[in-house]
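I opened my notebook to write down, entry by entry, what I looked up in this structure.

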Amino acid sequence: MGDLTTERSSATGTAPVLVASNRGPVSFSTADDGTLTLRRGGGGLVSGLSAIDDPDAVWVCAALNDADRRAAREAPEGRLDRAGHEVGGQAVRMLDIDPETFARAYNGVANSTLWFVHHLLYATPTAPSFDAGFRTEWAAYRAYNAAFADALAAEAAPGAAVLVQDYHLSLAPALLRAARPDLRIGHFSHTPWAPPEYYRLLPDDVGRAVLTGILGADRAGFLTERWARAFAACCADLLGATVDHEALTVTLPQPSAGGTPSGRTTRLGVHALGADADFLRERAHRPDVDERLAALRSAVGDRRTVVRVDRTELSKNIVRGLQAYRHLLRTRPEWHDRVVHIAFAYPSRTDLAEYRDYTAAVRRLAEEIDAEFATPTWRPLILHVDDDFPRSLAAYRLADVALVNPIRDGMNLVAKEVPVVSDRGCALVLSREAGAHAELKDDALTVNPYDVIATAEALHAGLTMSPEERADRTKRLAAAATALPPQQWFLDQLNAL
């Protein structure tokens, strides 16, 4: 498997606040002349961390590619800020984890096991099958989490607050607790949480380890109350934990001969990450977005638009969305030459065969729809399978109907972003299995993500909605979508510790 390049340390650091996540705020590439080129990332976590006004705060992340690993190796103890890199408002420690260990932990366990369980994605007659190969991957996942715990323990000041992010690092809180019991530790899950009967697909020891790992935190955060209660139910079912449903706490039983962690209590919290309204509205009116909007308007003409923007991720349900659009055209010919479906599906996890196959299925179905309905003057579907954020914002502005129909989603920020930047108001067709549904359901058109016919009817309802109703709904959707912007979302978690 290869050795981890990080080393255990009992030293106490100086950081009063730390964040840990698989992907950090910066990434590197190698220029033609061999020098490292730094690129700063975006997203809710990066935006949220900017709320910390402390130069001693540290973000611990993993090196994701060869250029990242080189940068981490060349920096003192992986501290990019100490190597002269402009990493932004906080220090960054990037972990140079053995590539094979990283790949097994990230692809084998995080993305091909935990993600599949929480999003209910397995075709159970054939998968999963937890064999000897999985056990090798699980050992790598433990080593990966231990590397993070070691780095956090080394960087944290006495009594520091540590916010550990997501399913990649579910074991890290308990490992960190064992090394540094003085710390205030939080864990936040950005995914849904599987109900107990599905979570039990995991090997018993693995399922328990993930739960007790997160329960090493003082507080475990989730995007919705539904996911928090599912986690608590798993703790009760697999660990015999006591759940206080009113206070939202989980208390482990006293240790047994098997060494179950002692009866400490973990508080559960709900923080529904919202859209960053100021950023989105400003960014959506820059010249590059206006340019792409003009191109889309030229392609669409005066027709109505159904817009979706997703990664080609299995849980996003793109294929059924395309099937619903095809059903709309087959059963309601009045929409022929009067609507265009703009579908942007950005490549995701292309190193996994399931995702490559899914992207190919999306392309095939799009070609079938074009072959069945296109005319010399009407292209019913515009599909792009490449990443272009300004083009996505242009589509948001243009949309008459936004289709967000995931099989299951922790939140789904697209559902929140479209109403914020829509020019004329947009009807939102939203899966009841998206975390965002809890906040947006009153003004969205709710669908069962598996029901293609009902989704087609919801598209029709959205397309025929009056401009006045669409505008009123969009105003209320935007208000709900921006109720907890990223900076406040992050600070609420920090203050709750």
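Before noting any pairing, I wrote down that two strands pair if DSSP finds at least two bridges between them. I also noted that helices (H or I, at least four residues) and strands (E, at least two) are DSSP runs, numbered from the N terminus.

**Entry 1: the model.** I am reading a predicted model, in which local features need pLDDT of at least 70 and side-chain atom pairs count only at pLDDT 80 or more, while totals for chains, interfaces and linings use all residues. Residues are numbered from 1 along each chain as its sequence is written, and side-chain values use heavy atoms, with hydrogens and water left out. I looked up pLDDT, the predictor's confidence in each residue, from 0 to 100, and found a mean of 93 for the protein chain, with 96% of its residues at 70 or more. Over residues 1-10, however, the pLDDT is below 50, and this stretch has 22 contacts (heavy atoms within 4.5 Å) beyond near neighbours in sequence.

**Entry 2: strands S4 and S5.** I found that strand S4 (residues 58-62) runs parallel to S5 and is joined to it by 5 bridges, with Val60 having Arg93 as its bridge partner in S5. I then asked how many residues of strand S5 (residues 91-95) are buried. The count is 5 of its 5 residues, where buried means under 20% relative accessible area, exposed over 50%, and partly exposed in between (1.4 Å probe, protein chains only). In a regular strand the side chains alternate between the two faces of the sheet. In S5, Ala91, Arg93 and Leu95 lie on one side and Val92 and Met94 on the other, and both faces are covered.

**Entry 3: a hairpin.** I saw that strand S2 (residues 26-30) and strand S3 (residues 36-40) pair in the antiparallel sense over 5 bridges, and that Ser29 stands opposite Thr37 in S3. The two strands form a hairpin with 5 residues between them, and Gly34 in the turn has a positive phi of about 90°.

**Entry 4: the open sheet.** I traced 6 strands with parallel pairing, in the order S14-S13-S12-S15-S16-S17. Strand S14 (381-384) and strand S17 (445-447) stand at the edges with a single partner strand each, so one side of each is left without a neighbour in the sheet. Between strand S16 (residues 427-431) and S17 I noted 3 bridges, and Val429 has Leu445 as its bridge partner in S17.

**Entry 5: helix H13.** I looked up helix H13 (residues 389-398), where 9 of the 10 residues are buried, including Pro390, Leu393 and Tyr396. Among the elements covering these buried residues are helix H9 (277-283), helix H10 (287-300) and helix H14 (414-421). Asp388 caps the N-terminal end of H13, with a side-chain oxygen 3.1 Å from the backbone nitrogen of Arg391.

**Entry 6: Asp443.** Where is Asp443 found? I located Asp443 in the loop between helix H15 (437-440) and S17, and its relative accessible area of 12% makes it buried. The side chains of Asp443 and Arg476 are joined by a polar contact of 2.8 Å; a polar contact is a pair of N or O atoms within 3.5 Å, and within protein one must be able to donate a hydrogen and the other to accept it, while residues adjacent in sequence count only if both atoms are side-chain atoms. Not counting residues up to four places away in sequence, Asp443 touches Arg473, Arg476 and Leu477.
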